[in-house]
Amino acid sequence: MRLEVPEAASDIVRRLEERGFETWAVGGAVRDALLSGSRADWDLATAARPEVVRKLFRPSYPIGIQFGTIGVRGSDGYVYEVTTFRRDLETDGRHAVVEYADTLDEDLGRRDFTINAIAYHPLRHELHDPYDGRGDLDRRILRCVGDPTLRFSEDYLRVLRGLRFAGRYELEIEDATWDALKAAVSNLPQLSGERVREELLKVLAGPAPSRSLELYRNSGALHRVFGEVAGLEDTEWRITLEAIDRIPAEETGLRLALLFRPAGFEIEAMMARTRFSNAEVRGVVNLADALDQPLPQPGDEVSARRWLRDVTPALASYTLLLHMVLLEAMGAGAKERKRLAEQAKVIETVRERGDPVTLGDLAIDGNDLKEMGMLPGPEIGRALEACLTAVIEDPSLNEQAVLLAYVSGMRDEE
């Protein structure tokens, strides 16, 4: 059979093989090509040692030199990972001690699932599939290479990888693999927060995250890694999953906010534990808070301005999108959809008109108040907030002279 391998990757294989080093395309790109998908990151496995690969190719980069992986820049400008055949010596469930191997079969034998243990030779157009991974793809089955209990004990991240693959590719997890996976779930807290985070983000970037997330829940993995959201009742969980699927795949942050929102005040601690960045934490917390702000009444421009002040204009469109997908996931009827459309319309009206809704929209700032004799500090902050409240009620007040007079009057009353 013939798979569409980038010519640049084939050139790397050709050069290594011309010098006597067996080299194959392996991993996810082969799997996806067999599923009629495509991807740019074709990984290569070779008998050549890393120092040989570095001598043969310029430029090259020690991407994972401790694991025998060298990045080789192809003629297309893409960096391809070239890894020396390996076999495991020992593992603690988090990290493996490996040594270089001499054969492709040794390398494939250490991989997690049969669908990832398929190799393809770009020059001979030959498929090497010692564990019938292609057959499992055809049968839509996820199965471990060899003993599933051993495979999961070698690296507990394989539990989450398995749930991701089964959901993404709509595979049924083979019984022995499922039993071993569930038994290994209790060891997930041993994984670093970074690895758990990266797996979840890969799930949320997929075409239908609900399938993998449902497996997270059914296997007990959700309780172990994100227990703060594992206690949702079935109906609320179903609505959450349906809403997540309705968000475009490229909006991973919005999907994350929907998933984590039920954690409430525990969101920050949960995300910190799994090593999300401060910016990611703020984004999820802000979106969760924005969703909790009551939407304005249809046609009520004052309440629309208040809503924009509380939500912030930057999050307004995202928040409305989240409201919409949640409404759809709940199976709302035409009446509820019409009301949301009217609420969104009044918000958009005041946004397009440029009504003042933030401190930056005011016709005065702190410098103007300093010139009035105010000292820097809380007094200026309170005065500006009072001005914002006033112009939200009546935007015609947003003129410098009017606001300065308003502040002056406030000071006189004090």
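Predicted model: local features only at pLDDT ≥ 70, side-chain atom pairs only at ≥ 80, totals over all residues.

Residues are numbered from 1 along each chain as its sequence is written, and side-chain values use heavy atoms, with hydrogens and water left out.

**Stop 1: the pocket**

Select Asp43, Arg86, Arg111, Arg161 and Lys202: of the 49 residues lining the largest pocket, these lie nearest its centre. On a 1 Å grid over the protein atoms alone, a pocket is an open set of points with protein on both sides within 12 Å along at least five of seven lines, a cavity is a set where a 1.4 Å probe fits but cannot get out, and lining residues have an atom within 4 Å of a point. The pocket holds about 1,600 Å³ of space, volume being the space filled by probe spheres set on the points, which are joined across faces, edges and corners.

Now colour the lining by class: 24 charged, 16 nonpolar and nine polar residues. Here Asp, Glu, Lys and Arg count as charged, Ala, Val, Leu, Ile, Met, Phe, Trp, Tyr, Cys and Pro as nonpolar, and the others, Gly among them, as polar. Next pick helix H7 (157–168), which gives the largest share of this lining, six residues. Helices (H or I, at least four residues) and strands (E, at least two) are DSSP runs, numbered from the N terminus.

**Stop 2**

**Stop 3: helix H15**

Select residues 278–292. The 15 residues of H15 should span 21 Å at 1.5 Å a residue, and its end C-alpha atoms are 21 Å apart, which agrees; the expected span is 1.5 Å times one less than the number of residues.

Zoom in on Val285, which counts as buried because its relative accessibility is 18% (buried is under 20%, exposed over 50%, partly exposed in between, with a 1.4 Å probe and protein chains only). Beyond its neighbours within four places in sequence, Val285 is in contact (heavy atoms within 4.5 Å) with Ile267 and Glu268. Draw a C-alpha distance from Val285 to Glu268: 7.4 Å, across 17 residues of sequence.
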